[in-house]
Each structure stands twice: as structure tokens, then as C-alpha cells.
Amino acid sequence: MDPAIKQAMDAEQIFMSDPDTYLRYVNRQMAIMDYNTNMRCAREDGIAEGKAEGKAEGKAEGEDRMARLMMLLYDKGEHEEARLAMMDREARHRLYEKYHIE
């Protein structure tokens, strides 16, 4: 047997024969796994929260943009264009560009 392998096996035998050392090792490993799990979950929660906030902000910006377009069209008496903007996404985007609404 290779001396390094024999030395490792002897160290394992000593380690496994001391219950206190073994329990400390197991507890440490469990603490490391718990920490890693908590960090992963916190990261996933943070990502989900960020996505939800981004969607809410994007929705609010979209509603504000649509409101600006509708106000402009109604002020100009462009009721047919306003109706079209509400019904047709492509037409709405053309009107955003036409009236420089960002």
C-alpha cells in the first residue's frame, strides 16, 4: 500500500474513533450546507423581488405613456386615432413615434 494512502487511512481511523471530533465535523458540514442554502434562497428571493418591481415600474411607465398619448389625441380632436391607439398596438407605437412620446 502507498504510504500516503496508509497515512490517510490511519488519520481517518483516528478521526472516526473520536466521537467529539466527528460530531464537530458533522455539525460544521451541516452549518456550511445551511449557510449555502440560505444564501441561494436569499438570492432567488432577491431576483424574484427585483423582477416584480421591474414589471410594476414598466407597467406604470407604459400606462403613463398611453395616458400622454390619449390626452394629446383628445386635445387635438383626433378621436379616431385615439380609438385606433387603444385597439391596435402597432398603430399605438406609430403614434408614439409620430408625436415623440417616450
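Salt bridges and their helices

Tutor: The count comes to 4 salt bridges, a salt bridge being a side-chain nitrogen of Lys or Arg within 4 Å of a carboxyl oxygen of Asp or Glu. This is a predicted model, in which local features need pLDDT of at least 70 and side-chain atom pairs count only at pLDDT 80 or more, while totals for chains, interfaces and linings use all residues. Residues are numbered from 1 along each chain as its sequence is written, and side-chain values use heavy atoms, with hydrogens and water left out.

Student: Why is the contact between K6 and D10 called a salt bridge?

Tutor: The closest N and O atoms of K6 and D10 are 3.3 Å apart, and the limit is 4 Å, so the pair qualifies.

Student: What makes K6 partly exposed rather than buried or exposed?

Tutor: K6 has a relative accessible area of 44%; buried means under 20% and exposed over 50%, with partly exposed in between (1.4 Å probe, protein chains only), so K6 is partly exposed. D10, at 37%, also counts as partly exposed.

Student: Where do K6 and D10 lie?

Tutor: Both lie in helix α1 (residues 3-17), 4 residues apart, about one turn of the helix; helices (H or I, at least four residues) are DSSP runs, numbered from the N terminus.

Student: How do you know that E80 and R83 form a salt bridge?

Tutor: Their side chains meet at 2.7 Å, N to O, which is within 4 Å, and therefore the name applies. E80 and R83 are 3 residues apart in helix α3 (residues 79-87), separated by about one helical turn.

Note on methods:
Helix = DSSP H or I, 4+ residues; strand = E, 2+ residues; numbered from the N terminus.
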